[in-house]
Amino acid sequence: MEREKSFSGNRKYSNKEITVYWKPSACVHASYCYRELIEVFDPSSRPWVDMNGAPTARIIETVNMCPTEALTWKWNDEERNKTVGNDQTNHIKFRRPELIEESTPESKENPVSVKIMADGPVVIKGNFTLIYSGNNKEINESLISICRCGASDHMPFCDGKHRHIGFNG
Amino acid sequence: MNMEEKKENKSQAVVEVIDSGPLKISGNLLLKDLKKDITDNSGEVYLCRCGRSGNKPYCDRSHKK
């Protein structure tokens, strides 16, 4: 369920600094990824990519070894992507330029704001579709507050319980 | 997927509360973590709802453990 699948049948995995894209159809099973970094790329695990398994620099190094466009990466900070040199062979701008547009924030208007409150809920604001218990609800220019501490009596919404339990996150 | 028409109230993202699982948000989103200095516009995020993730605000499947 947590496997991330986008519209194009690709998957992506993120840590705080980078996003790794996985395009299954391009894989030729050269096996560099898991031989080099089984802590992150473990074909026997689901999801098979664990972005917490190694430091970002090691993940980048390993993704750059992929001989195809099956594994590519980008910085989450778009400014950093602009200055990436071609020694970073598997950065999306060299291997999969079609992904650049998708990730350029300037091309997007009116994004939905997702604010992670300190030691509190996640507050989502804007125009979006909420799916909850099989129901779809359109939220227009409004906001919802979703529990992150796991203790709310009004799930999935926040009821302020995080303060009582001393939630840290 | 292209947004051909950008109307005022056009839904920009889908927020899905996954039963006994994380909060999935996909689409045109801008995530900011006010405590950890994280900004994320990757287009798809899975956020922890159980409070136990070691990688907050993201889900790390701790809810299954």
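The model is predicted. In it, 45 residues of chain A are in contact with 44 residues of chain B. The largest nonpolar core comprises 23 residues, and both chains contribute elements to that core.

**Contact between the chains**

- On the side of chain B that touches chain A, two or more residues come from each of strand E1 (13-17), strand E2 (23-27), strand E3 (29-33), strand E4 (38-40) and strand E5 (44-47) of chain B.
- By class, this side of chain B consists of 20 nonpolar, 11 polar and 13 charged residues.
- Strand pairing also links the chains: strand E5 (residues 122-132) of chain A runs parallel to E1(B), with five bridges between them.
- Within E1(B), B:Ala13 is the residue that stands opposite A:Phe128.

**The three-stranded sheet of chain A**

- Chain A holds an open sheet of three strands in the order E1-E2-E3, paired in the antiparallel sense.
- Strand E1 (11-14) and strand E3 (71-75) of chain A are the edge strands, each pairing on one side only.
- From one strand to the next, the twist averages 25°.
- Helix H2 (residues 56-63) of chain A packs on this sheet and touches E2 and E3 of chain A; the direction of the helix makes about 30° with that of E2(A).
- E1(A) and E2(A) are antiparallel and joined by four bridges, and a hairpin connects E1(A) to E2(A) through three residues.
- In this pair, A:Tyr13 stands opposite A:Val20 of E2(A).
- Strand E2 (residues 18-22) of chain A is also antiparallel to E3(A), to which five bridges join it.
- Here A:Thr19 faces A:Lys74 of E3(A) as its opposite residue.

**Nonpolar cores**

- In soluble globular proteins, nonpolar side chains tend to be buried together.
- In the largest core, of 23 residues, those with the most contacts inside it are A:Val114, A:Val122, A:Ile124, B:Leu23, B:Ile25 and B:Leu47.
- Elements giving two or more residues to this core are strand E4 (112-116) and E5 of chain A, together with E1, E2, E3 and E5 of chain B.
- Leaving aside neighbours within four places in sequence, A:Val114 is in contact with A:Val122 and A:Ile124 in chain A, and with B:Ile25, B:Leu29, B:Leu30 and B:Leu31 in chain B.
- Another core, of 19 residues, lies apart from the largest one and includes A:Phe41, A:Cys66, A:Ala70 and A:Trp75.

Note on methods:
Residues numbered from 1 in each chain as written. Chains lettered and ligands numbered in written order. Predicted model: local features only at pLDDT ≥ 70, side-chain atom pairs only at ≥ 80, totals over all residues. Contact = placed C-beta atoms within 7 Å. Nonpolar A, V, L, I, M, F, W, Y, C, P; charged D, E, K, R; others polar. Pairing = 2+ DSSP bridges. Axes fitted to C-alpha atoms, helices over the stretch in contact; angles between N-to-C directions. Core = buried A, V, L, I, M, F, W, Y, C linked by C-beta atoms within 7 Å. Buried ≥ 20, exposed ≤ 12 C-beta atoms within 10 Å, placed from the backbone.
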